[in-house]
Amino acid sequence: MNKPTYRQRLTKSGIAIIALLVIMIGWREYSKSMTTNDHAKQRSDNYSNQLQVPPLLDYTKVDGIKLFNLNAQKSTYQFSADAISETYGYNGPILGPTIRATRGDKLDIAVTNNLDEQTTSHWHGAVVPGDADGGIHNIINPNETWHAKFTVSQPAATLWYHPHQHQETAKQVYNGLGGFLIIDDQDSSSLGLPTNYGVDDIPLVIQSKKLDQSGKLEPYQVSHMEQAQGLEGNTIMLNAQVKPYLNISTNLIRLRLLNGSNSDTYNVSLSSGQEFYVIGTDGGLLEQPVSVTTLELTTAKRYEILIDSSAITGDNPALMINNSAELLFTKKEQLTDKYTLPNSLIKFDELPNAEIDRDFDLGMLMGNQDSMMSGRMNFGINDQSFDSNRINFTVNADSLEYWRIYNDPSGMSTNHPFHIHATQFQIISINQEKPPDLLRGWHNTIDLKPGDEVVLAVPFAENLSGTYMYHCHILEHEDAGMMGQFQIQ
Ligand code: C2O
Ligand code: CU
Ligand code: CU
């Protein structure tokens with residue numbers, strides 16, 4: 001990156017930026033105090049509904065291909081007993097059913113757009129051909145159906161799907177679109193892990209949205225400051241429910257955690273403060289369970305965890321999110337003693353370090369005076385804003401590349417969870433150091449705090465081709481241009 005030019009431009013725009021930062025810091029403090037108050041208000045009238053788990057989507061099998069149907073639609077939904085909200089959902093009022101498939105399956109997922117705007121459907125974390133990836137070029141017009149056809153060729157993992165309509169992603173996700181895509185394989189089903197869907201194997205999407213006084217979803221609208229920081233709601237919800245409870249019936253439960261928020265970072269813990277075990281990351285199972293007492297999920301992150309029921313103790317035991325009891329646990333008197341915590345899970349090769357192939361500098365665009373005057377923050381990668389007509393670079397199928405990513409904090413310092421389509425990568429280093437155990441294994445987002453530099457080993461599978469995106473997964477940053485595209489050939 002061309003540092004001197006960058007600095008010159010920084011000085012030019014410096015005063016405007018400082019003024020904006022002063023406004024923003026004030027606003028951030030104000031919004032934090034608002035959030036706390038709103039949470040306190042919500043707390044009293046909840047824990048009365050049982051956690052709902054998205055239904056498994058049925059399929060028909062035609063010529064050896066599993067055919068699934070999704071309908072993106074507008075609907076209404078009640079986040080609270082006394083207010084009706086306008087929402088988007090797949091096959092229902094909000095979120096979507098879980099698609100479950102096995103490694104080796106041939107899939108045809110038909111997505112029908114019953115919204116009155118364009119959308120796309122992206123299989124986040126799936127290693128699929130570019131024309132099935134559901135990025136910004138696979139547009140589904142209203143009343144049309146798009147078929148994503150691919151063979152599941154990756155290990156067992158908890159993936160998800162969500163819209164990727166250019167500059168509309170944040171709004172469409174906020175309005176409710178999103179669902180789980182769970183992949184099983186022989187390893188994952190022979191380890192004796194909890195697999196009773198909805199009973200001891202539970203997908204849990206954590207999101208925040210803005211509800212008004214009456215509990216109604218506020219329309220998606222972001223101020224300039226929210227565009228810069230990412231939208232954070234005033235209410236946390238789990239599978240679209242506010243403070244539900246979960247009844248535990250086995251000695252060990254597995255939660256498939258997904259941060260499906262526009263921008264929030266969540267810290268997950270148990271109210272007892274006791275340990276739980278991370279068994280899987282974005283891209284599949286770890287080699288061994290990693291014991292933690294708190295777990296950070298930035299947006300789009302998935303972790304599979306096992307919780308031993310003996311750690312669910314005390315008065316009103318709960319799953320805590322950012323230190324607030326968001327999921328109350330109730331226990332059956334007699335738990336079924338079904339599972340044991342495995343010592344080891346799967347084996348995979350740790351990729352070695354090597355020379356860097358590409359550099360990515362994440363930051364604010366300093367050059368654009370118009371955007372400075374209007375107060376709009378523009379984010380970019382390598383000082384460029386996203387351009388759908390520009391392919392930023394080309395990579396070869398069946399190759400391994402080394403990418404260095406840097407979060408440049410000048411102008412505005414914020415975290416950027418960086419995501420790459422078409423691959424699951426390994427993290428070689430974070431600020432020159434080996435990653436902690438939790439960040440070993442396969443990932444497809446990596447959070448960069450201001451000033452962080454990470455090196456990733458990024459494999460591209462054989463037989464892949466087409467156009468794919470890489471971007472910051474704070475959806476407001478993505479929509480504001482912090483995205484690029486590459487081609488696999
Ligand atoms: Cu989950 Cu390109 O995104
Ligand atoms: Cu993705
Ligand atoms: Cu970002």
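**Figure 1. Burial and overall composition of the protein chain in the predicted model.** Of the 489 residues in the protein chain, 57% are buried. The secondary structure consists of 6 helices and 30 strands. Among contacts with a separation of 6 or more, 77% are made by residues 24 or more positions apart.

**Figure 2. Protein donors of the copper ion (ligand 2).** His-122 belongs to strand 6 (residues 122-124) and His-419 to strand 25 (residues 416-420), so the pair ties together parts of the chain that are 297 residues apart in sequence. Both histidines, His-122 and His-419, are buried.

**Figure 3. The largest cavity and its volume.** The structure holds 1 cavity of 30 Å³ or more. The volume of the largest cavity is about 60 Å³.

**Figure 4. Residues lining the largest cavity.** The lining includes Pro-54, Leu-95, Gly-96, Trp-160, Leu-177 and Gly-178. Gly-179, Phe-180, Val-205, Gln-207, Leu-258 and Gly-260 also belong to the lining. Strand 9 (179-184) and strand 10 (201-209) each contribute at least two of the lining residues. Classified by type, the lining comprises 7 nonpolar and 5 polar residues, with no charged residues.

Key
Residues numbered from 1 in each chain as written. Chains lettered and ligands numbered in written order. Predicted model: local features only at pLDDT ≥ 70, side-chain atom pairs only at ≥ 80, totals over all residues. Heavy atoms only, no water. Donors = N, O, S within 2.8 Å, 3.2 Å for Na, K, Ca; no water. Helix = DSSP H or I, 4+ residues; strand = E, 2+ residues; numbered from the N terminus. Buried < 20%, exposed > 50% of the residue type's maximum accessible area, 1.4 Å probe, protein only. 1 Å grid on protein atoms, 1.4 Å probe; cavity = no way out; pocket = protein on both sides within 12 Å on 5 of 7 lines; lining within 4 Å. Points joined across faces, edges and corners; volume = space filled by probe spheres on them. Nonpolar A, V, L, I, M, F, W, Y, C, P; charged D, E, K, R; others polar. Contact = heavy atoms within 4.5 Å.
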